[in-house]
Amino acid sequence: MWHDVRALNATASALTALVVLACVASGLWWLSQRPMFTLRAVRVESMYGLDLQHVNELTVRNGVLGKINGNFFTTDLEQVRTTFESVPWVRKASVRREWPNQLIVQVEEHEALGTWGEDGRLLSVKGEVFTANLAEADEDHELPAFGGPPGSEKEVLARFAELRGWFAPIRLVPESISLSNRYAWTVKLNNGMSVELGREKDKDTMHSRVQRLVSIYPQLVARLQEGRIDTIDMRYPNGLALSSAALSIPADATKPVKAAVKKKSNTKTTKQI
């Protein structure tokens, strides 16, 4: 008898608790749907306190706001984050709620270092490839061009930094660096000269080839005088090959090239006996 009463009391208590929880949940749901919790604003800030260069109110309004569903309580913050990270120039985003009807989105932008490949993509200073408006990227200065097999982006970026230092003694700057599918390096410099550096045999291969070019470059320029070196191949172990518009090959290759003859001076000279 007592066991039956206790069981009934326990059941009644459980039912009462369920009813109370249901009422609370219903009340909370009703409260969460009030107009005061409708999202009124999405504020975008820089993640590190820096001025945002490419993400602005127009970008947010056109590309993001229409994709955000729910109100202050029901909005999926993870979905908002991934939506922002799909916006051009956005590298990373974090989202939080701010009472009672606002979202705060902190954004880290990509910083473009150069172009990547032939399809209009960009390479960031962190070695990441992304897609954005090229006109916005090179509005201040022309960007260097990079290229290489998929997955080689960070390797190409590291080589670019090395080459800048290696060519600094002769005041030349890399404008383009490419790594072929056979992992051979080619660099084009700001004087228009393209340099074939070939494949790496060991960790010192590239540096030694560039050092050899840097050491002989002033002599090459002096010999060519007004002529520009178009291409130079440093893959030879003890030499190099170059092409230049200042170098010409005679039509008849069997005849020796005549040395340039100096014009006679019109000035008369007097010979003393």
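Mentor: Strands here are DSSP runs of type E with at least two residues, helices are runs of type H or I with at least four, and both are numbered from the N terminus. The model is a predicted one, in which local features need pLDDT of at least 70 and side-chain atom pairs count only at pLDDT 80 or more, whereas totals for chains, interfaces and linings use all residues. Residues are numbered from 1 along each chain as its sequence is written, and side-chain values use heavy atoms, with hydrogens and water left out.

The part to look at is strand S3, in which Gln102 is found. Gln102 is buried at a relative accessible area of 17%, where buried means under 20%, exposed over 50% and partly exposed in between, with a 1.4 Å probe and protein chains only. Beyond its neighbours within four places in sequence, Gln102 is in contact with Leu39, Ala41, Arg43, Phe72, Arg96 and Arg97, contact being heavy atoms within 4.5 Å.

The sheet around S3 is open, has three strands in the order S1-S3-S2, and shows mixed pairing, two strands being paired if DSSP finds at least two bridges between them. Strand S1 (41-46) and strand S2 (90-98) are its edge strands, each pairing on one side only. From one strand to the next, the twist averages 25°; axes are lines fitted to C-alpha atoms, for helices over the stretch in contact, and angles run from 0 to 180 degrees between N-to-C directions. S3, which covers residues 102-109, pairs with S1 in the parallel sense over six bridges, and within S3 Val107 is the bridge partner of Ser46. Helix H3 (residues 77-85) lies across S1, S2 and S3 and runs at about 150° to S2.

Side chains also link S3 to its neighbour S2. Glu108 forms a salt bridge with Lys92, the closest N and O atoms being 3.9 Å apart. Because Glu108 lies in S3 and Lys92 in S2, this pair ties together parts that are 16 residues apart in sequence. A salt bridge here is a side-chain nitrogen of Lys or Arg within 4 Å of a carboxyl oxygen of Asp or Glu. Glu108 is buried, with a relative accessible area of 8%, whereas Lys92 is partly exposed at 34%. Both residues belong to a network of salt bridges that links Arg91, Lys92, Glu108 and Glu128.

Arg121 and Asp119 meet through their side chains at 3.1 Å, N to O; Arg121 is partly exposed at 30%, and Asp119 is exposed at 52%. Asp204 and Lys203 meet in a salt bridge at 3.8 Å, with Asp204 partly exposed at 43% relative accessibility and Lys203 exposed at 73%.

Of its 273 residues, 30% count as buried, and residues 24 or more positions apart account for 47% of the contacts with a separation of 6 or more. Parallel pairing is also found where three bridges join strand S10 (residues 194-199) to strand S11 (residues 229-233), with Val195 opposite Ile232.
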